[in-house]
Amino acid sequence: MSDRYLIINADDFGMCNASVKAVSDLFKNEKSSLTSSTIMMPCQWSKAACKFAKENPQFAIGTHLTFTSEWGSFRWAPVNQEKTASLRDEEGYMWHESVDVEKHADLEEVAGEIRAQVELSKKLGLTPSHLDNHMGSLYGIETGRFELLLKTLDVCAEYGLPFRLPRYLPPEMATNSTLEIKIDFEALNAAYAQVIGYADMKGVALPDYLIPNEWDGKDFRGYEDFKEYIYELYKSFPNGITETYMHPAVECDELKSITGCWHRRVWEYKILNDPATRQHIEANGIKLITYRDLAEMRK
C-alpha cells in the first residue's frame, strides 16, 4: 500500500458556467486526475453544479464555504437573507478580501451562513462529501482571529463532514503565495496545535498536508513550463494524505470577462484533463483518493 495519498480538489465549481463545464468534463474523464470538488453556493451557476452532483452521486463533491466576492464586477451576496449585515460590504455583496471578513464578521452570522450554504446545496440535490473555504476567509490567517476557524469546525462536526485543514504546517508553507498566510508563522504554529486538537475532539476528519501550486512570483513561459513545475511539485509531496487544489475552467468569453488571469484556470483544466498527469502521479507511487476515502481512512 502506498504511503503517499493525494486528493486533487477543483475549487469554485459553480462560480460560472466555464467552471461547471470544466469540472463536469474532468469528472466524466476516467483518465483525468481530479478526485473531488466543492461548489460555491452563493454563485449563480451553483444550481447547475448541484444538478450535476445529484445526477452523479458517485463523485466526491462538497460545499466551498464562500464569504468573499473578490472580482470587480462579477459579485455575489450571502445565501442567508437575514442576519448577514457583518458579512456584507457597502454594496451589499460579500467582502472583497479575507482580511475584511476577519475584521467584520459576527461569529453567529458566520455559523448561520455556513449552515445556509450547506442546506441550500442539500436542497438542490447535493450530498456533500466535505467542506472547504474560499480564499481562506475562515482560517484566521490574516489577523489571527482563530475563533472563526473554531466556529467553522463546530459546524463541520454538526454535519459530520471532513474539512480542508492540514494537520501539519511544514516551514515552506509560510512562503506559499497561494495560502497567503499573513500572520507570524511562529505565532500560527503556537496556536495551531490547539486548533488541531479541537478538530480531533469534534471528530472532524482532516488531511495531513495542504500544498497548492503557486502563481505569484513565478514567471511561467507558457503551459509546458507550468506543467513541468506541477509535475515536480507533485513528486515532492510527503508521506501521508496531501490535498492540493486547482480552479479549472474552460476558455470562453465569460471567463475572460471575469478575470484577466483566465489563462491560469484554463491551464489548470488542461493539466488535470491530460492522462499524462495521472500517469505521472501514479508512477511516483502516489495513490489518488477522494474526500470520501479520507473520511473512511480517519474512522
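# Exercises on a predicted model

The axes of helices H7 and H9 approach within 11 Å and cross at roughly 60°. The model used in these exercises is predicted.

## Exercise 1. Helix H7 against helix H9

Task: Classify the crossing of H7 and H9 from its angle, and state which residues make the contact.

Solution. 

1. Two packed helices are described by the angle between their axes and the distance between the axes.
2. For this pair, the axes cross at roughly 60° and come within 11 Å. An angle under 35 degrees would count as roughly parallel, and one from 65 to 115 as roughly perpendicular; H7 is therefore oblique to H9.
3. The crossing of H7 and H9 is right-handed.
4. On the H7 side, the contact is made by Tyr 223, Phe 226, Lys 227, Ile 230 and Tyr 231, and on the H9 side by Trp 267, Glu 268, Lys 270 and Ile 271.

## Exercise 2. Helix H1 against helix H2

Task: Apply the reasoning to H1 and H2, and say how H1 is oriented relative to H2.

Solution. 

1. H1 comprises residues 17-28 and H2 residues 46-55; their axes are 10 Å apart, at an angle of about 15°.
2. Angles under 35 degrees count as roughly parallel, so H1 is roughly parallel to H2.
3. The handedness of this crossing is right-handed.
4. From H1, Val 20, Ser 24, Phe 27 and Lys 28 meet Ala 48, Ala 49 and Phe 52 of H2.

## Exercise 3. Aromatic pairs

Task: State how many aromatic pairs the model holds, and classify the pairs Phe 52 with Phe 59 and Tyr 223 with Trp 267.

Solution. 

1. Ring centres must lie within 6.5 Å to form a pair; the count comes to 16 aromatic pairs.
2. The ring centres of Phe 52 and Phe 59 are 6.0 Å apart and the planes are at 0°, so this pair is stacked. Both Phe 52 and Phe 59 are buried.
3. For Tyr 223 and Trp 267, the centres are 6.4 Å apart with 65° between the planes, and the pair is edge-to-face.
4. This second pair joins distant parts of the chain: Tyr 223 belongs to H7 (residues 223-235) and Trp 267 to H9 (residues 262-273), 44 residues apart. Both Tyr 223 and Trp 267 are buried.
5. Tyr 223 and Trp 267 also belong to a cluster linked by ring pairs, together with Trp 215, Phe 220, Phe 226 and Tyr 229.

## Exercise 4. Charges over rings

Task: Identify the ring over which the charged end of Lys 270 sits, and the ring over which that of Lys 256 sits.

Solution. 

1. The charged end of Lys 270 sits over the ring of Tyr 223, 4.2 Å from its centre. Lys 270 and Tyr 223 are both among the residues that make the contact of H7 and H9.
2. The charged end of Lys 256 sits over the ring of Trp 262, at 4.5 Å from the ring centre.

## Exercise 5. Positive phi

Task: Locate Lys 83 and Met 135, and decide whether each is buried, partly exposed or exposed.

Solution. 

1. Most residues other than glycine have a negative phi.
2. Lys 83, although not a glycine, has a positive phi of about 55°. Its place is the loop between strand E3 (60-65) and helix H3 (98-104).
3. At a relative accessible area of 32%, Met 135 is partly exposed.

## Exercise 6. Buried residues and their contacts

Solution. 

1. Ile 141 is 47 residues away in sequence, yet the C-alpha atoms of Leu 188 and Ile 141 are 7.7 Å apart.

Technical notes: Residues numbered from 1 in each chain as written. Predicted model: local features only at pLDDT ≥ 70, side-chain atom pairs only at ≥ 80, totals over all residues. Heavy atoms only, no water. Phe/Tyr/Trp six-rings, centres within 6.5 Å; stacked < 30°, edge-to-face > 60°. Buried < 20%, exposed > 50% of the residue type's maximum accessible area, 1.4 Å probe, protein only. Helix = DSSP H or I, 4+ residues; strand = E, 2+ residues; numbered from the N terminus. Lys NZ or Arg CZ within 6 Å of the ring centre and 35° of its normal. Axes fitted to C-alpha atoms, helices over the stretch in contact; angles between N-to-C directions. Parallel < 35°, antiparallel > 145°, perpendicular 65-115°, else oblique. Left-handed = near helix turned anticlockwise from the far one by under 90°. Contact = heavy atoms within 4.5 Å.
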